[in-house]
Amino acid sequence: QQQQQQEAGASSMDTDPQRQQQQQDSQSGSSAPANSAAGHLQQSQEDQYAAFNRFAERHKRLLNAYVHRTPSLLESSFAPLLRAPKLLDFDNKRAYFRTKVRQHDNAPRPYGSLRISVRREHVFEDSFHQLRSRTPEEMHMKLNVTFQGEEGIDAGGVSREWYAVMAQEIFNPNLALFVQVPEQGTTFQPNPNSVVQSDRGVDHLDYFRFVGRVVGKALYDGQLFDAYFTRSFYKHMLGQALTYEDIEGVDPGYYKNLVWMLENDITDVLSDLTFTAESDFFGRKELQELIPGGSKIQVTEANKRQYVDLIARHHMTTSIKQQINAFLEGFWELVPRHLISIFNDHELELLISGLPDIDVADLRANTEYQGYNPNTPVVRWFFEVLSELSKEDLALMIQFITGTSKVPLEGFKALQGIGGPQKFQIHKAYGPPGRLPSAHTCFNQLDLPEYESKEVLRERLLMACHEGATGFGFV
């Protein structure tokens, strides 16, 4: 019987080389239609997504209303919206984030508490030493804080106060971790000279890793953290590309000089400018080359755009790259990158720091005009529209014009500009009647066209503040 099976098996094998080649060609030919079918399927899926995207753009308001009422739609039939998050309202993205951040990798939240006991006068140092060695899994536990010598029992309130105190301490000038930019402004970015902190016996990058963990922990816990960073730093947190325009929020005067370079012929004007950047380490000046051999390469009319991109990248990325990477290492331990990426830089500020209380009447009382006056119809419509906006859109509008949603404690009369105190300004914008309004954040200035109706004004304003900040750039 075994011999018969072997003979049958042998007879079933075709030993004719020509027939074998024909069979191989047939199999090879059959794989081509399969590959073609897979390609058509992928193209079909892309076409379906593009069609859905066009539909979503036309019916954005209606779709967001459905998502607001039934958030689970984003995990089923409305899931393609997550591939185009700009079509989703901030409150819908925030609700989705809050739900999904605790379901990351489908891992349940660890049981137990993350207990720390700190002295109020040394809250940063005590918190650092007690949390630095904790694992990411332990950092996901419920925070329980005790302020030594105080009777408060943490049922949530003490933890909230700890976050509030920490938000102040990380920007303490004595720590030298962050610097206020622009001077007298309300936003911060890493201090390029923070290495001086290592003299205290702790690597300054360990502090940045810890601060990233604290900010990420606040997001994970749903706690507001009263910290306002520069646009460029938020983009680093999101992994988004930067453009040279982002330097306006770091150094408005320097940004103005770069714009002048790009808009004017610099031939025989900046003949001594090379591809270098000057650093200042407590009075000690050093030149750093932006590209290999940069000290010997003159900036010319032909290469000035490359220089602008490189010098902007140096100020916002290269000179503080170690600090940024250390912060992100701690931050991403608590906050999954793919979840945070649905936000833009303006929305991330609101997610971390919350929605501010904006007094439109106070803004109006501290506004200056050029080409308009307080009774011009388009000005009256503007403030009426602001009064009717949701809290989210109002915060985005203030961000669009001033660079941050943070309102000074003294109100809008204390707004800061490039040269010190600078009130909110509305300038008349000339040109095509349908153009979008534009803003100059270093001057707290809105260039507002004279629209024909309040409805057109509302539509143009919302489009500008929601979509006007997008663009391509460098990392």
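How many residues does helix α7 have, and how far does the helix reach from its first C-alpha to its last? Helix α7, residues 157-169, has 13 residues and reaches 19 Å, close to the 18 Å expected at 1.5 Å a residue. The expected span here is 1.5 Å times one less than the number of residues in the helix. Helices (H or I, at least four residues) and strands (E, at least two) are DSSP runs, numbered from the N terminus.

Before I continue, a word on the basis of this talk. This is a predicted model, in which local features need pLDDT of at least 70 and side-chain atom pairs count only at pLDDT 80 or more, while totals for chains, interfaces and linings use all residues. Residues are numbered from 1 along each chain as its sequence is written, and side-chain values use heavy atoms, with hydrogens and water left out.

Let me stay with helix α7 for a moment. Its buried residues are Val 158, Ser 159, Trp 162, Tyr 163, Val 165, Met 166 and Ala 167. Buried means under 20% relative accessible area, exposed means over 50%, and partly exposed lies in between, with a 1.4 Å probe and protein chains only. These buried residues of α7 pack against β1 (113-118), α5 (123-131), β2 (142-147) and α8. Contact, throughout, means heavy atoms within 4.5 Å.

I turn to the chain as a whole. It has 18 helices and 12 strands. Of its 475 residues, 44% count as buried. Among contacts between residues at least 6 apart in sequence, 68% join residues at least 24 apart. The accessible surface comes to about 25000 Å², and 49% of that belongs to carbon and sulfur atoms. Such areas come from the Shrake-Rupley method with a 1.4 Å probe; for residues, only the protein chains shown count as cover.

Next, the strands. Two strands pair if DSSP finds at least two bridges between them. An open sheet of 4 strands has the order β7-β10-β12-β11, with mixed pairing. Its edge strands are β7 (367-370) and β11 (438-440), each of which pairs on one side only. On average, neighbouring strands of this sheet are turned by 25 degrees against each other, direction ignored. Axes are lines fitted to C-alpha atoms, for helices over the stretch in contact, and angles run from 0 to 180 degrees between N-to-C directions. Strand β11 pairs with β12 (residues 445-449) in the antiparallel sense over 3 bridges, and Ala 439 has Leu 446 in β12 as its bridge partner. Helix α16 lies across β7, β10 (424-429) and β12, and runs at about 120 degrees to β12.

There is also a hairpin, formed by β5 and β6 with 2 residues between them. Strands β5 (residues 276-281) and β6 (residues 284-289) run antiparallel and are joined by 6 bridges. Thr 276 stands opposite Glu 289 in β6. In the turn, Phe 282 has a positive phi of about 50 degrees.

Now to the charged side chains. Side chains of opposite charge can pair when their charged atoms come close. A salt bridge is counted when a side-chain nitrogen of Lys or Arg is within 4 Å of a carboxyl oxygen of Asp or Glu. A search of the whole structure finds 26 of them.

Lys 406 lies in the loop between α17 (391-402) and β8 (416-417), and Asp 226 in the loop between α8 (204-221) and α9 (231-238), so the pair ties together parts that are 180 residues apart in sequence. Lys 406 is partly exposed at 26% relative accessibility, and Asp 226 is partly exposed at 46%.

Asp 357 forms a salt bridge with Lys 391, with the closest N and O atoms 3.1 Å apart. Because Asp 357 lies in the loop between α14 (345-353) and α15 (360-365) and Lys 391 in helix α17, this pair ties together parts 34 residues apart in sequence. Asp 357 is exposed, at 64% relative accessible area, whereas Lys 391 is partly exposed at 42%.

Lys 454 and Glu 384 also meet in a salt bridge, at 3.2 Å. This pair links helix α18 (residues 454-467) with helix α16 (residues 377-388), 70 residues apart. Finally, Arg 132, Asp 206, Arg 209 and Glu 329 are linked in a network of salt bridges.

Leaving aside neighbours within four places in sequence, its contacts are Tyr 228, Glu 349, Leu 350, Pro 356, Ala 395, Ile 398 and Gln 399. Ser 405 and Leu 350 are 55 residues apart in sequence, and 7.8 Å apart in space from C-alpha to C-alpha.
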